[in-house]
Amino acid sequence: MTYYILRRLIQTVGLLFLLSMILFALVNLSPGGPLAGQGQSRHVQPEKVELLKRQFGLDQPLPVQYAIWLIGNDWMKVDVDGDGVKESNGTRQGILRGDFGFSFRTRKPVLEEIGERLPNTIYLMSITMLTAILLAIPIGILSAVRQYSKFDITVTTFSFAGQAIPEFWLGLILILVFYAWLKNPFTGEALMPSGGITTLGLQGFNLGDRIWHLALPVLTGALGWISWYSRFMRSSMLEVIHKDYLRTARAKGLPRWMVLYKHGLSNALIPLITLLALDLPYIFSGAIFVEYLFAWPGMGRLYYQAAEQRDYPVLMTVLIIGATVIIFSNLLADILYAYLDPRVRYE
Amino acid sequence: MDDITGLPLEEDDLSVKESPFSGVTRGTWRRFRKHPGAIIGSGIFLILVLLVVLAPLSPYDPEASDMSIRNQALSFSHIMGTDSLGRDLFTRILFGGRISLTVGLIVVSISLLVGVPVGALAGYYGGWLDALLMRITDTFLSLPSFLVLIFLSAMLREVELPLFQRNSVLTIGLVIGILSWMTFARLVRASFLTLRDIDFVSAIRALGGSDFRIIIKHILPNSIGPIIVEATLELGYAIIEESGLSFLGFGIQPPTPSWGNLLSNAQAHFTTYPWLAIFPGLMIFLSIISVNYIGDGLRDAFDPYKVLNKVGEVT
């Protein structure tokens, strides 16, 4: 197992390098190049663009640029003022040393920008996922235990619908109903806020206000996951229910609930846990719509703004982080699977 | 190891062995007809396609504005109301549907054209070719696809080339397509791996059948089931990805309508004119749920074992 994990880690590093090359090439080969988004690009004079190119090192061949992006240029002479003469050492440290550059949009370090947004996304998404799992598991189990009952048929139908509702439409409809149509009977204001983490100008931490602001975004984000996981849980539970070891446990005289919830559930949960690990990256890309709709200052919104204004340093960093999360969650899923299910062994 | 997302099948459960073959047989259509969801889904989808195809019969122009009838609510002459430029929403939704479904078809075609050969070559020949092709597949699978999609379409939005002007249907279809062929490659590879050394294939090889002939005429038809199921589901994913992109403003650009950008345009005033937000989303929802039901029905139809298993569960 240790050998397996080690081998996978080495592969992972290789894969990350490959991906970073692809992403880097994409950015630099895109129409207009990385400077296309610099301010009002169409009004910048051509000489100015040449100057900027030299200053940013964009006149170098692509492989050299890639190397500098990785390891920085503080060990070599660069052309700081763009006059064509290399006079002093550069200041970039390269992403391998944690220097992801500056955002074109805000002129702040990319990592600082992400540091401000990431906690908001984690806050929103962890509550969304927790809600989804806590609802989906019991629904799925009940559905499986009472297969073909009215409850099961209702759940199955709704989960099909739940998976087909686009998040961005669901969000709009929820805002329509709970913000525009329904009014608070006491104050006459909108029943629920249409965005934000807390009420503007609110001092200190107010749990009620927080929950009130979370409700719609969480519902928007969670519905698809509830449907997906409850369907998965149902079939996973059905799978286990018909296994011989459950029949044996029942034959030995164990009560039905104990057979189902102790022996059945613990086995049925294994695939769900690994699936959760695999879904980790998608949870984050799902954040884009929710954060966009509900003006939530998180990573998804940051990425949207960066794409809108061609803020390449931010885009690159988020993409690299995204790829890393995917690769590591795949690894995590494999390890969890082997760890939880003693029948699975990797050589 | 079993695929952890597709649940592992126990072969000895009903003493029915799961067959490695999944081609189209007489039973396929019969089983499909018995799936109520699939029939309703097919019905809805057919109606959608028909409406979209007949869109030019609408008496209204999808792009010409008429300021005298701005933001009108539903009426007999405008059954879904009009938008902020006085255009008939129903007509725009039908024309938008053409765009969204075309993008879906392009995506499915590209995924098939790339994924099936990659999977077939990797599964049939194995060895270094398999290793190489699967590493490429893995690399694509490790890309955060929706983020890359946003990134690429944001870049290509400025392009003014002939066919690829400002995120045309072709651009968006291509971009989504090159990020979604991997499932097909894996699927096809898996069935080729099981089928390439099966007796009848060895027999054809012994008779002197060329590799190309074996792949195209003998193995592919016997592994077509999962490919068709996946292609159906892919159509749904493609529609949702296109509308998501267009909703954020990176996909199909106005004035060309697509379900996603109609919804996006609705945002400014949807609390006052709710129909602008309700109907385009409803169309996306209907097309995806019908496609999903069709896919579900096809999966049961191509997998007789699963149907048997369902019967078995009752006991």
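Mentor: Two residues are in contact if their C-beta atoms, placed from the backbone, lie within 7 Å. Keep that in mind as we look at this predicted model.

Trainee: Which residues of H1(A) and H3(A) meet under that rule?

Mentor: On the H1(A) side they are Met21(A), Phe24(A) and Asn28(A). Their partners in H3(A) are Leu62(A), Gln65(A), Tyr66(A) and Trp69(A).

Trainee: Why is H1(A) called oblique to H3(A)?

Mentor: Helix H1 (residues 2–29) and helix H3 (residues 62–71) of chain A pack at an angle of about 120°, and their axes are 11 Å apart. Roughly perpendicular covers 65 to 115 degrees and roughly antiparallel needs over 145, so an angle between those ranges is oblique. That makes H1(A) oblique to H3(A). The crossing is right-handed.

Trainee: And in chain B, why is H3(B) called roughly parallel to H12(B)?

Mentor: The axes of H3(B), residues 89–125, and H12(B) cross at roughly 30° and come within 11 Å. Angles under 35 degrees count as roughly parallel, so H3(B) is roughly parallel to H12(B). This crossing, too, is right-handed.

Trainee: Which residues of H3(B) and H12(B) meet there?

Mentor: Leu89(B), Ile93(B), Gly96(B) and Gly97(B) from H3(B) meet Trp275(B), Leu276(B), Phe279(B), Pro280(B) and Met283(B) from H12(B). They divide into seven nonpolar, two polar and no charged. Gly counts as polar here.

Trainee: How many helices and strands does chain B have?

Mentor: Chain B has 13 helices and zero strands. Its C-alpha trace spans about 75 × 50 × 35 Å along the principal axes.

Trainee: What makes a residue of chain B count as buried, and what share does?

Mentor: A residue is buried if 20 or more other C-beta atoms lie within 10 Å of its own. By that test, 48% of the 315 residues of chain B are buried.

Trainee: How do the two chains touch, and which helix of chain B gives the most?

Mentor: There, 37 residues of chain B are in contact with 43 residues of chain A. H5 (145–156), H10 (224–248) and H12 (275–302) of chain B each supply at least two residues of that side. H12(B) gives the most, with eight residues. The side of chain B that touches chain A divides into 26 nonpolar, eight polar and three charged residues.

Key:
Residues are numbered from 1 along each chain as its sequence is written. Chains are lettered from A and ligands numbered from 1 in the order in which they are written. This is a predicted model: local features need pLDDT of at least 70, side-chain atom pairs count only at pLDDT 80 or more; totals for chains, interfaces and linings use all residues. Helices (H or I, at least four residues) and strands (E, at least two) are DSSP runs, numbered from the N terminus. Axes are lines fitted to C-alpha atoms, for helices over the stretch in contact, and angles run from 0 to 180 degrees between N-to-C directions. A crossing is left-handed if the near helix is turned anticlockwise from the far one by less than a right angle, and right-handed if clockwise. A residue is buried if 20 or more other C-beta atoms lie within 10 Å of its own, exposed if 12 or fewer, and partly exposed in between; C-beta atoms are placed from the backbone.
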